[in-house]
Amino acid sequence: MDFKQIQELIKMINKSNIGEVSIEEKGFKLTIKQKEEAVQHVFSTPPPQYPVQLPPAPAPAGSASASANEKSKSAQDVATDNMVTIKSPMIGTFYRSPTPGKPSFIEVGDEITEGKVVCIIEAMKLFNEIESEIKGRVVKILAEDATPVEYDQPLFLVDPS
Amino acid sequence: MFKKLMIANRGEIALRVIRTCREMGIKTVAVYSTADKDSLHVKFADEAVCIGKPASSDSYLNIPHIMAAAEITNADSIHPGYGFLAENAKFAEICGEHNIKFIGPTPGQIRSMGDKMTAKETMIKAGVPVVPGGESLLSSIGEAKSLAKDVGYPIILKATAGGGGKGMRVVWEESEMDKAYDTAKAEAGASFKNDGIYMEKFVEEPRHIEIQVAGDRYGTVCHLSERDCSIQRRHQKLVEESPSPFMTVELRQKMGEAARKAASAIGYESVGTVEFLVDKHRDFFFMEMNTRIQVEHCVTEEVTNFDLIKEQIKIAAGEAISGQDYEPQGHAIECRINAEDPYSDFRPSPGRITTLHQPGGHGIRVDSHVYAGYTIPPYYDSMIGKIIAVARTREEAINTMSRALSEYVIEGVKTTIPFHQQLMRNEAFQSGNFNTKFLESFKMA
């Protein structure tokens, strides 16, 4: 496996519900573990007697990975403190780019201003451009491209400082 | 049969529909405003979609949001419950345009019964007795005065687009007409965006007795007998029962037949209710038809042993009904429990329920969406549950209801439980001798 293939694999797993992947080839072993936060759901959690939809993220195997997980978790906590979340103002399908294949409206790291189109939400064949109401730097994309979103669902995390 | 049904409503009726869908193997989608995030119907449904801010106009009345939610969940049917969009013909139309089955009658049927004047005309043509009055909307005070002389005082002015007691004024003599006419028009305009008013003879001290009907899409119609809903406060029903203590075999037969004629006249397809006013001579008059499932449908369910929501869904799926009429077996009484303070003029009392213990035992059914720890939002109606007592006789049903009400504990908010307890012990209520004016003179002890 070359580096490009590993990159593609990581991207694919990141988008999926898979908790952990292990690949073993001659002279080469690769383990990829999903971060602990759950993939965004459109719908509320099901009632208790139904099985949880996502496989739970596997417990960290050793102390090294434990501290690594804790670090990424606390970095996340610190990060969300001063952040503003752009939430969905409507119900529909969330698209990150104007048409499939075209580049996304915004990426992590981008600086945005009020009025900047950040995504499209499509409902009943109507494509609505959603504009940012805040200024800042995009820190995280919180919803998956081409998935349904509901009212008030978090879409983007923005650092307004 | 439908695979996935979306409930475009909230509270106890949303829960009610979800329960039947579970039994029928239909997947459910709940929609909710941000204020209803912790609501029981959201937890019980298979899927849930947040559709907007707390205000009804932003959420439960927001047709584009509701349709978008149906689209992203691939719902093949929508149950509108009662209130909200349940009798909105435009919404029913839009569902049809999106190939989503609206669980209810056709838009045309909703329209023909939604406008009170048109409904009355349709009934006259069908040979259903109506309250004597004007044939059209009033165009001036002069016209109102001369019509009132013909009809005979007392008369009542009513809003054609109305409901819930708004835009209504009783006029006892001509000197009161000017003021009544102006205020009725103003209230109608403000409440329904339509200030059209018409006049009817005011039936004094009437009983409100309604007939549950059902019709399928093949033209078969039947009735499931009556519910007496005379215990009302400001035209809002508080207690309903079946059979009516005022009913006779002959009256039931006549009213059942009239209700059937009313439903047949419009080819009614779904479950619905034909409301009548009954005077002390047991003469009855068509008041209006409700083209939806009603709050008090449970009363009929308990005395006919039918799941009316299931029947409604089956009819919508194209199943045929037998056409058989049903009479009540035993006696059922329903008390609507509202988060209101009966000692302070029934002022609404939203807030957090700290303790909840629902009654149980033989002959008790509770349809409620609240739970201990639940916060009643201030944005919607104050009904937090319905308690229905079923027994062999009316006396036993009242006894069972009294027993159950004494077990019903709701703390943290004020409720109308004390009112119902006092009503069950009231002699006039126990005698079955009451009409729609009864509560006007009822005082909390």
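View 1. The model is predicted; local features need pLDDT of at least 70, side-chain atom pairs count only at pLDDT 80 or more, and totals for chains, interfaces and linings use all residues. Residues are numbered from 1 along each chain as written, while chains are lettered from A and ligands numbered from 1 in written order. Helix α1 spans residues 11–24 of chain B and helix α11 residues 308–316; they pack at about 65°, axes 9 Å apart. Axes are lines fitted to C-alpha atoms over the stretch in contact, with angles from 0 to 180 degrees between N-to-C directions. Helices are DSSP runs of H or I with at least four residues; strands are E runs of at least two; both are numbered from the N terminus.

View 2. From α1(B) come B:Arg16, B:Val17, B:Thr20 and B:Met24. B:Ile309, B:Lys310 and B:Ile313 of α11(B) complete the contact. Contact requires C-beta atoms, placed from the backbone, within 7 Å. By class, the residues are 4 nonpolar, 1 polar and 2 charged.

**View 3. Chain B meets chain A through 16 of its residues, against 14 of chain A.** α2 (40–44), β3 (47–52) and α3 (63–73) of chain B each supply at least two residues of this side. The side of chain B has 10 nonpolar, 3 polar and 3 charged residues. Nonpolar covers Ala, Val, Leu, Ile, Met, Phe, Trp, Tyr, Cys and Pro; charged covers Asp, Glu, Lys and Arg; the others, Gly among them, are polar.

Conventions
Contact = placed C-beta atoms within 7 Å.
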